[in-house]
Amino acid sequence: MTRIIDGNEIADEIRADVKASVETLTDAGVQPGLATVLMSEDGASETYVSMKQEACEELGIAGHHHEIGPDEPADALFDRIDELNADPSVHGILVQMPVPSHVDKATVLERIDPEKDVDGFHPENVGRLVAGNARYKPCTPHGVQKILAAEGIDTEGKDAVVVGRSDIVGKPMANLLIQYGDGGNATTTVCHSRTEDLAEKTRQADILVAAAGVPEMIDGEMVKEGATVIDVGVNRVDADTEKGYELVGDVEFDSAKEKASAITPVPGGVGPLTIAMLMYNTVKAASVQSGVAVDLP
Ligand code: NDP
């Protein structure tokens with residue numbers, strides 16, 4: 001029987017731990033604060049930011065939301081980041097990507113105080129992750145690690161294949177899988193758009209993480225019998241629904257399910273973990289910056 005992994009259930013457990021840590025901090029006079037900054041009128045970005053703000057409210061984290069018009073100069077964003085860096089009530093800063101084309105993304109990432117960089121994308125934090133000394137693990141790959149742990153799927157010595165090499169998912173995912181210790185020690189292959197014979201690679205995977213952003217590109221034929229399949233992809237495809245679209249992953253669920261021993265659905269798989277891990281990182285940031293210890297597993 002293939003296990004359909006319930007990401008909402010795993011995320012709820014993490015949120016409960018995060019909430020307990022928020023209470024520890026609040027009792028000590030420190031309310032964790034997360035600033036979200038949106039410089040876009042893109043509907044999906046607006047939705048993601050409002051989901052993050054809702055999660056803050058639910059867990060007792062102070063959400064500070066900032067909007068900057070997409071036509072404003074880059075300095076409007078940089079100045080706002082400087083203000084948030086200096087604000088002691090803000091422990092975490094998240095600039096929702098993508099930013100407009102006239103704003104240099106690398107400068108945005110470097111402008112955020114690394115201690116407040118709860119996405120984990122500042123070069124200092126990327127370096128720490130690679131060195132095996134992560135300050136904040138990027139939320140989506142960290143969420144995948146939490147799923148594997150919650151499901152009792154040992155990564156040690158396993159063949160892991162990550163499809164996708166982006167800075168936010170593929171690369172940090174691979175980096176986590178090759179680290180020493182729990183959730184790591186996997187023999188890890190990273191595939192991308194130039195990979196030759198992708199199916200030959202994915203069929204080697206005991207643990208297959210799909211993060212390519214291509215709807216249902218991985219079918220059952222590409223999955224090893226008994227593999228764990230983690231589908232990070234979230235793709236809108238036209239559909240006869242009220243909204244005119246539906247969300248599908250990078251994995252063709254029905255055929256992959258026939259081969260996998262465990263698989264995440266879309267939606268309801270990795271997505272809920274991403275937000276839970278953002279809350280986790282925010283509370284960790286508040287703890288580090290205030291010196292109040294919390295017990296976050
Ligand atoms: P990017 O577009 O930044 O990266 C996609 C990666 O996939 C690239 O490395 C690209 O290769 C590779 N790729 C694209 N097409 C193919 C192909 N045909 N074969 C092999 N590799 C391919 O995407 P992200 O990493 O930001 O996101 C990936 C997916 O995950 C998206 O669907 C996104 O919506 C979703 N996502 C979901 C989250 C969640 O919470 N569930 C959070 C973040 C993202 P190359 O580098 O050569 O171009």
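**Exercise 1. The hairpin**

Task: In this predicted model, find which residues make up β9 and β10, and state how many residues lie between them in the hairpin.

Solution: 
- Step 1. Locate the strands. β9 covers residues 235-238, and β10 covers residues 245-248.
- Step 2. Look at the link. Six residues lie between β9 and β10 in this hairpin.
- Step 3. Check the turn. G244 sits there with a positive phi of about 90 degrees.
- Step 4. Check the pairing. The two strands run antiparallel, with four bridges.
- Step 5. Pick out a facing pair. V237 is opposite E246 of β10.

**Exercise 2. A covered helix**

Task: Find how many residues of helix α7 are buried, and which elements they pack against.

Solution: 
- Step 1. Take residues 170-178, the span of α7.
- Step 2. Count. Seven of the nine residues are buried, so the helix is mostly covered.
- Step 3. Name them: G170, P172, M173, A174, N175, L176 and L177.
- Step 4. Find the helices they pack against: α5 (123-130) and α6 (139-150).

**Exercise 3. The whole protein**

Task: Compare the radius of gyration of the protein with that of a compact globule, then describe the whole chain.

Solution: 
- Step 1. Start from the length. For 297 residues, a compact globule would have a radius of gyration near 19 Å.
- Step 2. Compare. The protein has 19 Å, which agrees.
- Step 3. The C-alpha trace spans about 50 × 40 × 35 Å along its principal axes.
- Step 4. The protein has ten helices and eleven strands.
- Step 5. Turn to burial. Of the 297 residues, 48% are buried.
- Step 6. The accessible area is about 13,700 Å², and carbon and sulfur atoms hold 47% of that.
- Step 7. Finish with charge. There are 24 positive and 52 negative side chains, and the centres of the two sets are 5 Å apart.

Note on methods: Residues numbered from 1 in each chain as written. Predicted model: local features only at pLDDT ≥ 70, side-chain atom pairs only at ≥ 80, totals over all residues. Heavy atoms only, no water. Rg over C-alpha atoms; globule rule 2.2 N^0.38 Å. Buried < 20%, exposed > 50% of the residue type's maximum accessible area, 1.4 Å probe, protein only. Areas by Shrake-Rupley, 256 points an atom, 1.4 Å probe, with all protein chains shown as cover. Lys, Arg positive; Asp, Glu negative; His and termini not counted. Charge placed at Lys NZ, Arg CZ, Asp CG, Glu CD. Pairing = 2+ DSSP bridges. Contact = heavy atoms within 4.5 Å.
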